[in-house]
Amino acid sequence: MTEVQEKVRDLSEKYGRRRENLLPILQGIVEKEHYLTSEAMIQVAKELDISAAEVYGTASFYSFLDTEQRGQYVIRVCKTISCDMKGKNSIIKAIEDVLKIKVGETTQSKMFTLLETNCLGWCHKAPAILINDEPYTNLTPAKIKAILGDYIRNAEGKQKIIGDIQYER
Amino acid sequence: MANINLIIDDFKVTVEEGTSILQAAEKVNVKIPTLCYHEDLCVAGNCRVCVVEVEGMRTLPASCAIPAEEGMVVKTNTPKVRRARKDIVSLLVSEHNTQCTTCYRSTNCELQNLSAEYNIDNETYMSVLKPDIVIDRSSWAIEKDDSKCIRCQRCVRTCAELQHVNAIDVVHKGKDMIISTFVDAPMNDVVCVNCGQCINHCPTGALTERRYFDDVWDAIGDDEKHVIINTAPSVRVGLGEMLGFPVGTRVTGKMVTALRKIGFDSVLDTDFTADLTIIEEGTELLTRLKKALVDKKKVALPMMTSCSPGWVKFIEHMYPDHLDHLSTCKSPQQMFGSLAKTYYAEKKGIDPKNIVCVAGMPCAAKKYEANRPEMRDSGFQDIDAGLTTREIGHMIKQAGINFLDLEESDFDSLMGESTGAGVIFGATGGVMEAALRTAYEIVTGREVPFENLRIMPVRGDEGIKEATIKIEGCLPEWSFLEGVELKVAVAHGLINARTIMDQVVKGESPYHFIEIMACPGGCIGGGGQPIPTNAEIRKKRTEAIYAEDEGKVLRKSHENPEIKQIYKEFLKEPLGHKSHELLHTKYRKRFRY
């Protein structure tokens, strides 16, 4: 069993192998792996004894269950009207400048993915973004650059410890 | 159950509680248009074409999804309803590839019919058809064209509810939602058994069989080629539906004449190899029983039939560790192919490399089966092309043949003679009945103890049928079977096959012999049969099959004179050396997920 397969097995044991436990299992994988590989989805199908197409169908329905490769930090910029009016385009521009990727792309280091998302419910503090589960609000280009700087430094710190995470700057 | 009274378009209707408005309307001959609704499947209510007006309700409910209620007053044809339906169909058309002139389903398309009925124009809503859709032609059997998909999900429900395969599912969402496979992989790369039930349940041309008739026309036009066709029992009870006859008409003689007019050099009968299957498979069963009962050897029982290539691929995917339960016999189609290029070629003095062997089948999976690498025991690809009943109907139309007034004729020889036992292969339970007619007689020397050879317990449309036959008065060489109660089961529709197999896996299967057909109703309801197919149509085709059986002089496979001849002159004995070489095969383990 590979590492991913073991993770899926553990999650299946935790939540139970019934069809209705598909979502928490998929969420559990995404929490750890940031996205669902084919291997992970096939293993889920095996554990729950349902077809792989059904797993993929469910996963592809939800924006937060990615089936394409994602970085360690998934940045989701709210694209809905309030954030749009409060300058979400300048936020995206700032992120693109720092990370050298466009919306929908992942950095070569697999550290960051930049996406747009529908309303996050932070309209009163627009513009807003999510980095993984963490919301950041009332953003300006300067603020988001500082936030990203923190993430990158943090990762640098981790790099010294783990020693094999590559990122670009 | 309580009765419900309601009024539909001024007709008083009384129905059982739980009946939908749509079904209630049917009872008083009020036709409500549908698209996502199919009586074989659960209600989805996603297309909204069946909307009606109900007094006191603000919105227009989908009549397929709303149960009739006491005192309801329903109007199915008001300006509001008509406008709504027209808008709904217009919106579906705006997403649809409307190149009907180049569509295989043209004139047999539910969307096209509705679009014409409601006089839909191209201007109300501009086309939002996605421009970059590529047709998936990866499978030998099934073509998938998303540009024609209206996302009614009948195929998804078919694959889940009837077959329990779930090869296709709804993926992505909103405007990007499509019917697709695991990670949008090509159809030949996923767990699909090619049964073609999705094709048969598709209202449009989004799912069709991969067509081979142009290759067949080319072969017919080639003077060097000797082109032969063998037609399955279900074709002769379904084909008429495409060519102007009422459902359930037997058109055997006309079909043979038409195929001859098309230019086949020899029109032969798959029923001949169905009879042969019975001899081989029946002997195999008796051999297994002998091994188990006399030699006390470990042998895979129950034995299961292997005629249905959809079922064979299903067990290969889903139960790869239990393939030894399958009979090693090839399907009648493949037996025919391997004999056509050996026995037939030899007898007729034709170089087998010039023989093109075509199969006319009620089936999509047969196309896949013909292309399996195992199926080349004659030294050539045994079956060159598998055609569906629908393709044969198309060929007859292309040839300009007036089918209604065609004279009747008989199959050619060699390999054109058959018995009623071969014919009933077309209906669920038929292989079992044919096998019992022969096996019982081999063992006891007497006919099966059923009136007029009708083994009723294995007939009918129940998903799983079982029967027990006590064997008494055995001939001396079969005395080990004396008093044995032979337990058999018959299942059709793969969801029922799964129930049977789960029993086998647990070691709790009480049966000796099991017949399984992938499609509901057996081959008469196959994925290659005329569209529509529903319960009533399956019933009529089944009746036609049994009528065809009773119209035959010979109704037991072992009495077929051509079968006697082939054993005498070529095969020598059942399960003999030649049989193993040409008529038996091996199966392969496939991935389940």
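Here are some notes on this two-chain model, which is predicted, taken point by point.

1. Start with how the chains divide up. Chain A splits into domain 1, covering 3–61, and domain 2, covering 73–162. Between the C-alpha centres of those two domains of chain A there are 27 Å.

2. Next, where the chains meet. Chain B puts 14 residues into the contact, and chain A puts in 12 residues. If you sort the chain B side by class, you get 9 nonpolar, 3 polar and 2 charged residues.

3. On the nonpolar packing, the largest core runs to 188 residues, and A:Met41 and B:Val358 have the most contacts inside it. Helix 15 of chain B (residues 430–444) supplies the largest share of this core, with 8 residues. There is also another core lying apart from that one; it has 20 residues, including A:Phe112, A:Leu120, A:Ala128 and A:Ile144.

4. Leaving out residues up to four places away in sequence, A:Met41 touches A:Leu36, A:Ala52, A:Val55, A:Tyr56 and A:Ala59.

5. Now a helix pair in chain B. Helix 9 (residues 270–293) of chain B packs against helix 11 (residues 332–348) of chain B at an angle of about 105°, and their axes are 8 Å apart. Angles of 65 to 115 degrees count as roughly perpendicular, so helix 9 of chain B is roughly perpendicular to helix 11 of chain B. On the helix 9 side of chain B, the contact uses B:Thr270, B:Thr273, B:Ala274, B:Leu276 and B:Thr277, while helix 11 of chain B brings B:Pro332, B:Gln333, B:Met335, B:Phe336 and B:Leu339. Counting by class, this contact between helix 9 and helix 11 of chain B has 6 nonpolar and 4 polar residues, with no charged ones.

6. Last, helix 3 of chain B, residues 110–117. Which of its residues are buried? They are B:Glu110, B:Leu111, B:Gln112, B:Leu114 and B:Ser115. Part of what covers these buried residues of helix 3 of chain B is helix 2 (79–94) of chain B. After helix 3 of chain B comes B:Asn119, and the phi of B:Asn119 is positive, near 55°.

Definitions and conventions. Residues numbered from 1 in each chain as written. Chains lettered and ligands numbered in written order. Predicted model: local features only at pLDDT ≥ 70, side-chain atom pairs only at ≥ 80, totals over all residues. Domains from an automatic or database assignment. Buried ≥ 20, exposed ≤ 12 C-beta atoms within 10 Å, placed from the backbone. Helix = DSSP H or I, 4+ residues; strand = E, 2+ residues; numbered from the N terminus. Contact = placed C-beta atoms within 7 Å. Core = buried A, V, L, I, M, F, W, Y, C linked by C-beta atoms within 7 Å. Axes fitted to C-alpha atoms, helices over the stretch in contact; angles between N-to-C directions. Parallel < 35°, antiparallel > 145°, perpendicular 65-115°, else oblique. Nonpolar A, V, L, I, M, F, W, Y, C, P; charged D, E, K, R; others polar.
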